[in-house]
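Please look over the sequence and the model shown here. A short report on its parts follows.

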Amino acid sequence: MGSQRTGIPSQEVQGTPDYCNEAVFRRNTLPPRSYHIPETALLLNGQWDFHYAATPLEAPEPSAPEPTDSEDWTTIQVPGHWQLQGHGIPHYTNVQYPIPVCPPYVPTENPTGTYRRTFHVPSTWDSSSQLRLRFDGVDSAYHIWVNGTLVGYAQGARNASEFDVTPYVDRAGSNEISVRVYQWSDGTYIEDQDQWWLSGIYRDVHLISLPSETRIEDWFLRADVDSEYKDGTLNATVDIKTTSKATVKVVIRKLSGQGGDEIASTEGTLSTDGKIDLSLSVQTPNKWTAETPYLYNVEISLSTDSSATQTIHQKVGFRAVELKNGLISVNGVPIRFRGVNRHDHHPKFGRAVPLDFIRKDLILMKTHNINALRCSHYPSHPKLLDMADELGLWVIDEADLECHGFYDAVARPQDIAEEIDYEERKKLTFPQAAKYTSDNPSWKGAYLDRMVQMVQRDKNHASIVIWSLGNEAFYGQNHKAMYDYAKEVDPGRLVHYEGDVHAASADMFSYMYPSVDKLIELAKTEGVDADGSFEKPIILCEYAHAMGNGPGWLQDYEEAFRTYPRLQGGFIWEWANHGLWKEDADGKSYYAYGGDFGDTPNDATFVLDGLLYSTHKPTPGLRELKKVIQPVRLAVDGNDLVVSNFHNFIGLEHLTAAWKLEEFGESASLLASGVLDLPRVAPGATVKVALPSALQKIKSDSEVYLTVTLSLRDPASWAEAGHEIAWFQHQISAAEPTVASHFSRVTSELSCLGTGSKTSIKGQGFSFTFDNARGYITSWTAGGISLIEANPATGAALIPSFWRPPTDNDNPLSLPYWKRFGVNGLTSQLRSSSISSTADKVEITTTVFLTPAVLSWGYLTTTKYTISATGTLTIAVALKPTGYAPKHVPRVGLNLNLPRQFDAVKWHGLGPGESYPDKQQAQRVGVWSVDSVAELQTPYEVPQENGNRMATRWVTVGEPHGRGLRVIAGDKSEWSENCDRNFSFLATRHSAGVIEAAAHPCDLVEDQATLLRLDAKVAGVGTAACGPGVKDDLLAKVEDMNFSFVLEAVGV
């Protein structure tokens, strides 16, 4: 047993729990240090004993432990969260606090988890070594006991803490650790990040053995480059504990994969505890950037005449980060962030994310052209940074700090409406909100500690180019203290904080969710002198809110970044949905969001706003982003391919360029293909490359497209050779889709028979039924099968429609607007109907007024149904809005009710995925097909509008063996300019009402039909869940419109 058994008092200030005292955030912890787990470490992850209590006073006393076979004890996995292992419930809020706002106090009902396990000190360890317990992440605050003695206390849920437990450990026998974890603490008030509230020991726990007399305590390696960005200097500050003369040696080598050769070394001596500074010159080292993540290995060794050598290995990258000419520059070059915000999340384990899952995240980023990562809004698992160094990502490392919930505490009593301009709301609320903690001197130590912990743990990583003071914590004197600390300790990195609107304590202006127009205005005016100069750049720390079917606007933001160099890019909110897998007693299972666990208050679906599903598989939004931000732009100018290289540091030698020429008719045909020889294209340069002469020789009556792709020439650490980086399509020739006359359809004389409310039109092998009372077609059969049939809800087989299910981005503004105008409940009034027939066609013309109850506006709709002797149906629609109409609707088109067995879909247009006016860049023109309508659906975790396909020339929906319905656009003369003749279609089995009512995918009930939408206009998706709505010119405006479609039976 150790020589000392006396522990610390139970409270720093008697009468006040440590977890309710903002001045107490660490007790008896060791100074923070660079992350390093030596070989002499025992991983204490795994199964622990666990006790769950409703309040701290009901927790067991570790100094007199109960037997573990007590019914109050169970087991739990570490790392993990107790809410995901059967104790308490997960709770989601975005901004609002889940507890009363009275810092530093927390509720009496403060769930408390007591963890307990035993360990033995390995007999191979030096018996005189220092023993440390290291916790890399515990939420929210905790005391620890060793063998019944209270050793220490810590909080800061996403920061590590180490405790010297040497005096309390029995090296020869069994030892017991007890950890009492509190769900709520004063730290909760500054850990109000947009994520689940989950508690417990969720990162690694280690017992670490280090030399007692002479050891390396810490190190700070700064691999700098000179003012010409040519030669390098490794500046090493090594913190040593020693009782005798010790030699510190620093060696820099190439990585083992590059031979491991020694490049330089130096050494120095120290006789007492302290820091030693050593420096090594390295001529023309390979520089580290996110595009060229070249690393070196540094060995730091410490030895004395009487002790064994201790050696630390640390990878470094040579680079210089600075503001140069007002721009964020690395190695003298301004950089562009193509970034994302990433929380720690796993759908089953919460923030206890396995390392292989983290690596898959980063590889997905790289394979989707993402080059930057903001650790939102806390330091991530420390090994993520090793991966970022290796793979190549610019990193903003962010302090574990957010107190957004004080906004609600201030704004709600004043009834400040969310519709008020954000800048005005800030003026009314932010100064008051900051007084709680950010501008309160009693919280300075807690704020500063979070900066210290992050900087000291992560300071040796080349990938980190910016420190961030936290997120959405208003602004106050405590941020200034954090900034001053970062600049004093690490002047070689920049500092970010969006809440500092004047960038007084930040090296850049940072914004969230401005419109593109506002962003451009800021670039021209914010901090700009009369002569047009500026000292600091602009980034978007959050933009393009990726919730559900979205985000829109990506192309517009990208154009702004490329047009205005001061706009150095941004970080999409956010990387992944945070759904937690839930299995209900009724057999339903789904990825849960706020409220699904009975958690109140909650912010519902706002936890599902990522580019990845909760499984961390890509959504269409990620594929769209990859295309929009591709680092090479391609265009055609005459007979040349124009190649623009948007990389900051590398040419295009690592890429191969391939081209193919395809003809699209009823199927796709490859006409020619080959490889292009790219000349050298320097970073930021544009060159022209002659296109193959074969392109000029192509003559075709069909639509012909050139596709050029750029792919990796060789394997990379994050992708195989052949991985596609960029692509481009260019139309060589166009063609008009035609009816399928090649099916040699028989022409027959038509019969037209009207009986009361019904009219039947028949030809050889086909028939139509028309509802005279309502003015709609109710059925069409051909070849013995039904092609369209009456919808039970409307009675019509084909009907004009303007409604679709809402998206997450519709919900704040557009959905209530549309419903206020009754767009979701239009009724039909037949005003007139006429029939004319000849031997080769029948024409039925109706005038129908489509209008909602209560209101006086509507569409006066004139529809001409033309049935030809060959059995084709042409529907020409003329819309004229009247009355106090809305300015826009979700879509304009037709709803068709097809037989359920019509399951196979083939089309010529954009594909293979969904597309919308502001989310279509990732889709290519081609001939596409699926075997089932289900394959056309996008499985958003909150059911919503999905699966639209744009720019359609023709679409066929039918049985797997070929019988079905084919659709093309009608004659040009029947289309107004404000409609898209290359139309949109959507096929589904879920009605709009079913989708809107469903809370989760498992709630979707299929219709006994295939529902087909044919649209002349669809609205964009925008980002209005948090950001700008749909661009004005991409709305489906309520105005006079004309469009037509030609439908024909195929395979019958």
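## A loop residue to start with

Tyr436 sits in the loop between α4 (422-434) and α5. Helices (H or I, at least four residues) and strands (E, at least two) are DSSP runs, numbered from the N terminus. The model is predicted: local features need pLDDT of at least 70, side-chain atom pairs count only at pLDDT 80 or more, and totals for chains, interfaces and linings use all residues. Residues are numbered from 1 along each chain as its sequence is written, and side-chain values use heavy atoms, with hydrogens and water left out.

Tyr436 has 27% relative accessibility, so it counts as partly exposed. Buried means under 20% relative accessible area, exposed over 50%, and partly exposed in between (1.4 Å probe, protein chains only). Leaving aside residues up to four places away in sequence, Tyr436 touches Val101, Pro103, Phe406, Ala409, Val410 and Trp443. Contact here means heavy atoms within 4.5 Å. Cys403 is 33 residues from Tyr436 along the chain, and their C-alpha atoms are separated by 9.2 Å.

Another loop holds Ser463, between α5 and β29 (464-468). Ser463 is buried, because its relative accessibility is 0%. Its contacts, not counting residues up to four places away in sequence, are Trp288, Leu385, Ala388, Asp389, Leu393, Trp394 and Val395.

## Nonpolar cores

A nonpolar core is a set of buried Ala, Val, Leu, Ile, Met, Phe, Trp, Tyr and Cys residues joined through side-chain atoms within 4.5 Å. The largest one has 114 residues. Those with the most contacts inside it are Leu362, Met451, Ile572, Trp575, Leu625 and Leu641. Helix α5 (residues 444-458) gives the largest share of this core, six residues. Apart from it lies another core, of 68 residues, including Tyr776, Trp780, Cys979 and Phe985. In soluble globular proteins, nonpolar side chains tend to be buried together.

What does Met451 touch, not counting residues up to four places away in sequence? The list is Ala399, Trp467, Ser468, Leu469, Met482, Tyr485 and Ala486.

## An open parallel sheet

Eight strands form an open sheet with parallel pairing, in the order β30-β29-β28-β27-β26-β33-β32-β31. Two strands pair if DSSP finds at least two bridges between them. At the edges are β30 (494-496) and β31 (509-512), each pairing on one side only. Neighbouring strands of this sheet are turned by 25° against each other on average, direction ignored. Axes are lines fitted to C-alpha atoms, for helices over the stretch in contact, and angles run from 0 to 180 degrees between N-to-C directions.

Four bridges link β31 to strand β32 (residues 538-543) in the parallel sense. Met512 has Glu542 in β32 as its bridge partner. Helix α1 (residues 355-367) packs on the sheet and touches β26 (337-342) and β27 (372-375). The direction of α1 makes about 155° with that of β26.

## An enclosed strand

Strand β54 (residues 891-898) has seven of its eight residues buried, so it is largely enclosed by the rest of the structure. Strand β48 (residues 798-801) runs antiparallel to β54, joined by four bridges. Pro800 stands opposite Leu894 in β54. Strand β61 (residues 1010-1018) also runs antiparallel to β54, joined by eight bridges. Asn897 stands opposite Leu1011 in β61.

## Salt bridges

A salt bridge is a side-chain nitrogen of Lys or Arg within 4 Å of a carboxyl oxygen of Asp or Glu. How many does a search of the whole structure find? The count is 63 salt bridges. Here are some of them.

| Salt bridge | N to O |
|---|---|
| Asp239 and Lys275 | 3.8 Å |
| Asp484 and Lys480 | 2.9 Å |
| Asp1015 and Arg891 | 2.8 Å |

Asp239 lies in strand β17 (residues 232-241) and Lys275 in strand β20 (residues 274-282), so the pair ties together parts 36 residues apart in sequence. Asp239 is partly exposed at 23% relative accessible area, while Lys275 is exposed at 59%.

Asp484 and Lys480 both lie in helix α6 (residues 477-489), four residues apart, about one turn of the helix. Asp484 is partly exposed at 35%, and Lys480 is partly exposed at 36%.

Asp1015 in β61 and Arg891 in β54 tie together parts that are 124 residues apart in sequence. Asp1015 is buried at 1% relative accessible area. Arg891 is buried at 0%. Elsewhere, salt bridges that share partners join Arg33, Arg132, Arg134, Asp136, Glu162, Arg215 and Glu217 into one network.
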